[in-house]
Amino acid sequence: MANTVSQEFLRECRQNWQKDVQGRQTANAMVKNGPLLSAMDWEIPRRLPFSFSVDVWNEGVTDQGESLRCWAFASLNVVRQAIKRALNLTEQNFELSQNFIYFYDQLEKSADFLADMAEMAELPLNSPQVQGRLRRPIMDNGQWFTFAKLADKYGVVPKFAMPDTQCSPDTKYVTRILGDKLRLGAKLLRESKPEEREDVQRRELAEIYGILCRFLGQPPETFDFSFRTADGQYRRLTGLTPLEFFRQYGGVDIRRHMTIIHHPLPERPYGKVYTANQDGEDDVTKRLNLDIETIKKLVITQLQGGDQVVMGCDVAKQSHKPTGYMHKNLLDYETAFGARLTMSKADRIRYKGTAATHIMTFSGVELDETGAPVRWKVHNSYGPQMGIQGHYVMDDSWFDEYVLSVVIEKKYASPEIVAAYESAPEIMDPGELY
């Protein structure tokens, strides 16, 4: 069809704009204050007090900095809660090393890229598969199961054992240098004979290990951990390996956890399990699709059991980062812009208007007299300067619209839900899952 932007069309738009008194008043406010403050309904925060009938975390928050490592921060928040409980720690701001997990995440992703390039070495360089991998060889984003597989292989360490470096909270330089190195590795693999490619992979990956050590430091093989318990005892654990520390005190067995998604499309029925693994492997990356009310009940049950819940959501929609409020009607963009903008959750998923952009943890909930959720306490990783000392208040209406996944321990679910999760998964296109 022809482009409809004609001079006549522009004349009509200008005339309509001159008649739109409310629109021009809104424009004056928005030019000065931006869209968030201009479109916010300031009555809503008054209905979202920071109090919760179930509250399992009142301690320090973490700060992921200028990175996409929210998946590691949220997951480590759950593990550090378990370690504090297991060791009866008194330290209020005890943290685990996100830098340690990040190191091995980048090493594993580099190894996967090189393996893919070795497999595709005979394909034309301009093939969609090769070009797709070369455009973005490595990133620092991930999900719960990204962390779960890393922790199950490498363990975790306290933050003092591998503290942040200048580059760990600002990962763009790591990504750029590794991207250059991986593209060179792809070139070398394509120029090598088939029998030489494994050696090329090992050599390139060894150099990547050295690059990561320069950026992030070398991960410790063992460490000592001294601490004081809540009853005043001083304890010292010596010669711990990261994997021993995670398995003995971390309280998280990845095989006891399920990723539950809300994917409200008729063609993806509730009660079914889906995976993006094209080989059909049944592993921790699979997701069980459930209705939103069942998901809420599972989250409440886990919180009542004293455990935080990792969740994935579309964080930027209808939320205000500085104040930490989340409500489906917080920002009245339709009135502010004088245009229809709203679609259903299912249609937003279909048309790529809603996606899992951030991972946090639920750490509390306010229940009414019937046990129904009113608002949720969200433990974020943007530092204490954002929200309410680093926490957000989520109205239950926001949960319906923008929460997309949660991680539930099997002991908090019914046998029927566990059985559904453990059934054979159906393969979905990776672009459809979140």
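Modeller: What follows is a conversation about a predicted model, in which each term is set against its definition.

Biologist: Why are helix α4 and helix α7 called roughly parallel?

Modeller: Helix α4, residues 98-119, packs against helix α7, residues 172-191, at an angle of about 25° and with the axes 9 Å apart. Because angles under 35 degrees count as roughly parallel, α4 is described as roughly parallel to α7. The crossing of these two helices is right-handed.

Biologist: What makes α4 and α7 a pair in contact, and which residues meet there?

Modeller: Contact requires heavy atoms within 4.5 Å, and on the α4 side the residues that meet α7 include Y102, Q106, F113 and M117, while on the α7 side they include V174, L178, R183 and L189. Sorted by class, the contact of α4 with α7 has 10 nonpolar, 3 polar and 1 charged residues.

Biologist: How do you know that R133 and D116 form a salt bridge?

Modeller: The closest N and O atoms of R133 and D116 are 3.0 Å apart, and a salt bridge needs the nitrogen within 4 Å of the carboxyl oxygen, so the pair qualifies. R133 lies in helix α5, residues 128-135, and D116 in helix α4, so that this bridge links distant parts of the chain, 17 residues apart.

Biologist: Why is R133 called partly exposed?

Modeller: Its relative accessible area is 23%, and because partly exposed covers the range between buried, under 20%, and exposed, over 50%, R133 belongs to that middle class. D116, at 26% relative accessibility, counts as partly exposed too.

Biologist: What makes the side chains of D400 and K296 a salt bridge, and is each residue buried or partly exposed?

Modeller: The N to O distance for D400 and K296 is 2.6 Å, which is within the 4 Å limit, so the two side chains meet in a salt bridge. D400, at 26% relative accessibility, counts as partly exposed, whereas K296, at 2%, counts as buried because that value is under 20%. The bridge joins helix α13 to helix α10, with D400 and K296 104 residues apart.

Biologist: How many salt bridges are found in the whole structure, and which residues are linked in a network?

Modeller: A search of the whole structure finds 30 salt bridges. D152, R247, D253, R255, R256 and E409 are linked in a network, and within this group the side chains of D253 and R256 meet at 3.6 Å, N to O.

Definitions and conventions:
Residues numbered from 1 in each chain as written. Predicted model: local features only at pLDDT ≥ 70, side-chain atom pairs only at ≥ 80, totals over all residues. Heavy atoms only, no water. Axes fitted to C-alpha atoms, helices over the stretch in contact; angles between N-to-C directions. Helix = DSSP H or I, 4+ residues; strand = E, 2+ residues; numbered from the N terminus. Parallel < 35°, antiparallel > 145°, perpendicular 65-115°, else oblique. Left-handed = near helix turned anticlockwise from the far one by under 90°. Nonpolar A, V, L, I, M, F, W, Y, C, P; charged D, E, K, R; others polar. Buried < 20%, exposed > 50% of the residue type's maximum accessible area, 1.4 Å probe, protein only.
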